[in-house]
Amino acid sequence: MKFKKKSLVAIFFCASILFGSTYVSANEAIDSQYDIEQGGTQTFYEIDEQGDLVVTEVSEDISNARMSDRSYTVKKSKLLKWEVSFKVAVKNNKITSVNSSQFKAITGSFSSTSCFKNSSTKATATGKYKLVGFTSNVNVIATISNKKLTI
């Protein structure tokens with residue numbers, strides 16, 4: 001099992017170097033930080049406490065370059081289990097709205113899902129994920145500070 005985990009980590013580490021993504025180990029206390037000034041699509045990989053691959057992708061939605069409002073799609077997924085996505089509108093380093101949430105269970109199911117703006121700097125998508133009789137809470141939290149959208 002350790003060999004498979006190390007092989008998986010090695011593959012995604014190499015992919016991150018080649019494709020400009022960031023790999024984060026579950027042992028590190030580093031959040032996925034999307035750089036608003038860089039823009040585009042930025043992808044982050046990590047291995048969680050259970051040894052599952054978690055992928056976080058933030059992409060800038062196409063908009064009029066003259067507008068100060070920007071919209072970003074936040075997507076977080078656990079390999080072969082689930083995917084959660086939502087849109088965050090940002091103006092002047094503040095979250096103005098959150099919408100278009102989607103909760104997709106690849107295996108298992110979701111219930112009690114919601115997506116909301118907690119404050120001008122925080123948005124949350126939350127749901128209960130059930131797989132083979134076990135239920136866990138899934139929370140995807142986006143915060144903004146210093147032109148960084150942290151997931």
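Where is the place of aspartate 48? Aspartate 48 sits in the loop that runs between strand 3 (41-47) and strand 4 (53-60); strands here are DSSP runs of E with at least two residues, numbered from the N terminus. The model is a predicted one, in which local features need pLDDT of at least 70 and side-chain atom pairs count only at pLDDT 80 or more, while totals for chains, interfaces and linings use all residues. Residues are numbered from 1 along each chain as its sequence is written, and side-chain values use heavy atoms, with hydrogens and water left out.

With a relative accessible area of 8%, aspartate 48 is buried (under 20% relative accessible area, with a 1.4 Å probe and protein chains only). A polar atom of the aspartate 48 side chain lies 3.0 Å from the backbone nitrogen of glutamine 50.

Turning to the aromatic residues, a search of the whole structure finds three aromatic pairs, meaning rings of Phe, Tyr or Trp (its six-membered ring) with centres within 6.5 Å. Tyrosine 34 and tyrosine 72 have ring centres 5.4 Å apart and planes at 65°, so this pair is edge-to-face (planes over 60 degrees apart). The pair links distant parts of the chain, 38 residues apart: tyrosine 34 belongs to strand 2 (residues 33-35) and tyrosine 72 to strand 5 (residues 70-78). Tyrosine 34 is buried at 0% relative accessibility, and tyrosine 72 is buried at 1%.

Phenylalanine 103 and phenylalanine 110 also form an edge-to-face pair, because their ring planes stand at 65°, with the centres 5.5 Å apart. Phenylalanine 110 is buried, its relative accessible area being 18%. Together, Phe103, Phe110 and Tyr129 make up one aromatic cluster.

Conventions: Helices (H or I, at least four residues) and strands (E, at least two) are DSSP runs, numbered from the N terminus. Buried means under 20% relative accessible area, exposed over 50%, partly exposed in between (1.4 Å probe, protein chains only). A polar contact is a pair of N or O atoms within 3.5 Å; within protein, one must be able to donate a hydrogen and the other to accept it, and residues adjacent in sequence count only if both atoms are side-chain atoms. Rings of Phe, Tyr and Trp (its six-membered ring) pair if their centres lie within 6.5 Å; planes under 30 degrees apart count as stacked, over 60 as edge-to-face and the rest as tilted.
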